[in-house]
Amino acid sequence: MLTGSAPQTITFSTPGNVTYTNFTVNNTRTLVMGSNIILSRNNNAPWRGFITVNSGGTINCGTFVVDGGGLVQTNGDFTINSGAKMITANATGVQGSVNTTNVNATYNSGASYEFRGAATGVFTLSTANTITGTMTINRSAGVTLNQDFTTSTLEFVDGIATTGSFGITIPSTGTITGANASRYVNGRLNRVFNSASSFTYPIGKGGVYKPVTYQYTALTGTSTVGIEQFEAALPGSLPSSVNLKNSRYWEISQTGGSSIGYRVTLDGTGDTVSGTVVMLKRESGTTTSHAVTTPNFTNTTAFTTLTGTNQFTLGSNCTQSATAGSGQNFCTPTAVLLSGNTPTYGSGAWSVSGPSNSTAQFSDVNSPTATFTPAGGNGIYTLTWTLTNGNCVNTSNVVFEYGKSTTWTSASGGSWNNGAPDATTAAVIAFDYTSSGNITACSLTVNNDAVVVISSGDVVTLSGGLTVATGSSFTLENEAYLMQEGTSNPNSGDITAKQESQALMRLDYGLWSSPVENQNLLSFSPSTMANRFYTYNTTTDAYAAIVPSTNSFTTGKGYLIRMPDNHPTSPTVWEGNFIGKPNSGDLTIALSTAGGGYNAVGNPYPSPISIDTFIDDNNSVIDGDLFFWRKTNGAAGSAYVTYSGGVFSDGPHAVDNIQPGQGFIVKATAASNLQFNNGQRPTGTGVFYRNAQESTASRLWLQLKSNNSVVGSMAVGYREDATNGIDSGLDGNYINYSALALTSIVEGTLLAVQQRATFEATDVVPLAFKTNSAGTYEIALHAFDGLFANDQNVYVRDNVTGAEHNLKDGSYSFTTATGVFNERFELIYQSTLSFENPVLSSNVVVYTQEKNMHVAVQNTTISEVKIFDMRGRLVKVATDVNDATFTADLGAVANQVLIVQVKTAEGEWLTRKIAL
């Protein structure tokens with residue numbers, strides 16, 4: 001007998017079986033078997049052997065066996081009392097640890113049993129199959145149950161408990177401890193509920209641990225709920241639009257209880273999600289889908305039925321809408337970048353029906369953004385984007401039509417037989433047609449002897465070519481345009497492009513360029529004298545005559561042509577007709593840097609070109625200044641309007657384009673090719689050189705007038721990217737140095753357009769003036785914008801008279817002799833005078849030039865002139881002048897300040913100071 005309070009262990013480890021007669025293990029004592037134990041009796045003794053383990057005591061059988069033998073006529077006794085513990089590592093469990101053939105075994109349900117062997121064995125408990133103590137699983141390779149068990153405490157120390165066809169039941173007050181991913185119930189686990197409560201079932205299968213929580217939300221009476229995990233797909237048919245998340249389900253059954261409501265929490269860790277997660281419940285052969293909470297995947301609405309054995313698992317709502325993108329029409333078979341939607345779950349695939357059904361037309365049949373290249377020619381292709389997500393399939397179609405066309409026919413007096421054309425339609429005009437709006441098409445064919453007139457202001461825009469069949473005609477009225485794309489010229493057949501000049505007189509000239517191929521010079525203006533056609537000679541910087549009958553316009557080149565000899569002598573618009581195949585695509589013309597580098601070029605297209613885009617495309621070969629012919633024959637002043645830095649020298653313009661047929665001058669900076677391309681062709685309207693400008697700068701334009709006629713113009717602008725020096729591409733030179741001009745002057749260079757740094761009211765802009773005709777002229781403020789449109793005044797300062805005149809109040813009139821005056825006038829923006837300029841009944845100007853003193857008056861004549869030095873001595877006197885001007889030679893007078901007194905015919909004396 002082992003007794004006492006201190007733990008003791010007695011191990012029997014003799015080489016053979018040891019025979020013992022009686023053994024008792026009491027509280028805190030452990031009997032560890034080191035060999036088999038045989039319970040027997042002495043031959044003459046009237047008793048039998050026994051082992052008794054009392055409460056608190058433990059017997060560790062290991063792999064050994066308790067057996068009976070000898071002369072025993074009745075079996076020995078093996079008793080495990082309530083509160084005791086039995087440990088077995090026998091492969092057949094308790095059954096293998098005690099040979100019940102030779103031993104009377106008593107297993108109390110109140111005892112605890114620890115299984116370290118492969119199985120529990122079959123043994124009879126005092127209460128059938130019930131352990132109210134602890135049932136312990138402690139074998140890394142797991143323990144297989146050989147019978148049903150009900151245990152108050154299921155303890156996992158190591159390994160998995162496999163129930164097989166049996167099960168483990170946990171009472172309502174029972175517990176399970178130590179369970180984890182390597183220690184769980186592999187099989188059916190039951191739990192008794194006697195109230196609304198929850199319990200987590202530590203179950204798994206095949207090495208996959210997926211515990212389930214079962215919660216009664218309502219329960220009357222007592223219910224036993226059993227759950228087992230299966231690693232297989234949920235049997236039966238799924239609801240529509242649902243996918244399984246895994247190949248796993250849990251069987252749940254219950255007995256007893258009524259008026260139930262319950263929730264189930266399933267473990268979806270590692271599952272494949274293909275949409276919104278749902279719980280699938282299969283009851284009585286029908287599977288239904290139920291919403292769950294996330295991330296714990298508990299049915300949101302409590303279930304109220306659990307008939308028979310139900311299967312539960314997780315699934316996903318797999319429905320997702322396929323989107324194939326928007327359909328398009330094309331003139332010709334063209335590759336298209338598709339825009340299907342990327343599937344969130346599953347995969348997508350393209351298919352096609354039409355002139356060709358081959359999936360090889362897709363660069364990647366499974367890519368939503370594949371490129372589709374039609375292989376069957378023109379026609380309608382229906383593309384289908386299919387999303388497949390397990391149990392769900394969804395499709396979307398997109399239609400591409402290639403080669404759509406519409407024809408203008410005689411029906412109803414003229415109509416389109418397939419709707420008005422658009423950018424994706426080939427248009428055919430087979431009946432007389434006059435436009436009443438724009439036409440946009442991918443191509444245009446004129447046939448069947450149709451007469452087509454595109455009205456002024458209308459634009460024909462084509463991505464492809466214009467074909468004019470023999471016998472048909474196509475006419476662009478003035479300011480009607482043909483716009484095209486691409487880099488080559490797809491056109492065939494001749495058109496007539498009409499272009500109006502400015503209002504010119506008989507002997508005036510225009511600088512022209514042809515928008516069509518092979519336009520003969522003389523045919524363009526047959527009534528112009530043959531010796532009045534010119535090209536520009538870059539080397540000599542002069543126009544040179546060209547024989548018009550044997551020469552045609554060179555594409556992109558400018559030609560100076562006089563008005564027809566029968567043109568009116570009063571200003572009248574002349575209309576030129578260009579006839580030939582319209583130009584399109586990339587075009588070039590060689591530039592020369594000889595002489596001053598000036599080259600006469602021109603717009604080669606039957607539509608405007610953007611000045612800014614043209615300059616940007618050619619900024620490596622030209623300096624950015626453009627010069628447009630504007631001279632009326634015999635008029636004083638420059639023959640050109642200058643464009644530089646977004647500003648024209650003659651004032652603001654309506655549009656920013658160079659019109660069809662317009663020639664102009666550029667200054668080459670490299671002996672290379674000037675580039676024209678269809679990217680330079682925006683829509684716009686306007687007569688020659690009347691081109692738009694967009695600017696946030698502040699600008700003003702001055703005009704020089706003589707006898708109320710404008711004889712010169714210039715511009716001054718202020719912008720942040722300019723300086724007060726010479727800025728290439730912003731400042732425009734004054735060319736064609738006529739004898740009469742008003743310009744600004746910077747570093748000795750005369751400018752028709754000057755851009756200056758950010759405006760300051762103290763700025764002073766030197767002006768240059770020259771004339772070969774003495775007399776009276778005016779400087780006028782023609783236009784202004786930016787800050788000048790507000791209260792900023794603009795003054796001209798006359799350094800000869802000392803006058804400072806606000807040009808916003810009107811033009812400034814002055815009298816001058818002939819000559820070049822680079823220091824007489826300045827633009828200023830605040831007056832330096834503290835008093836008003838006197839207003840005289842007669843205006844007199846006195847100035848010196850090369851030791852000559854000049855006097856001029858307006859509205860009267862000079863009667864007498866006296867000149868005094870500052871000491872009051874008379875230097876020179878002239879009487880009986882009787883003229884509006886007077887000149888005195890002061891070559892013999894030393895340099896000094898002189899006082900000049902002028903007497904008018906009315907007897908008024910006027911005094912001025914001059915400096916020699």
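Predicted model: local features only at pLDDT ≥ 70, side-chain atom pairs only at ≥ 80, totals over all residues.
**View 1. Contacts across the chain.** Local features need pLDDT of at least 70, side-chain atom pairs count only at pLDDT 80 or more, and totals for chains, interfaces and linings use all residues. Residues are numbered from 1 along each chain as its sequence is written, and side-chain values use heavy atoms, leaving out hydrogens and water.

**View 2. The overall fold.** Here you can find three helices and 77 strands; these are DSSP runs numbered from the N terminus, with helices H or I of at least four residues and strands E of at least two. The C-alpha atoms fill a box of roughly 185 × 85 × 55 Å along the principal axes.

**View 3. The two faces of strand 76 (residues 897-904).** Side chains alternate along this strand: L898, V900, V902 and T904 point to one face and are buried, meaning under 20% relative accessible area with a 1.4 Å probe, protein chains only.

**View 4. Neighbours of strand 76.** Strand 73 (residues 862-869) runs antiparallel to strand 76, joined by seven bridges; strands pair if DSSP finds at least two bridges between them. I867 has V900 as its bridge partner, and V900 also stands opposite R912 in strand 77.

**View 5. The hairpin turn.** Strands 76 and 77 form a hairpin with four residues between them. Look for G907 in the turn, with a positive phi of about 90 degrees.

Definitions and conventions
Buried < 20%, exposed > 50% of the residue type's maximum accessible area, 1.4 Å probe, protein only.
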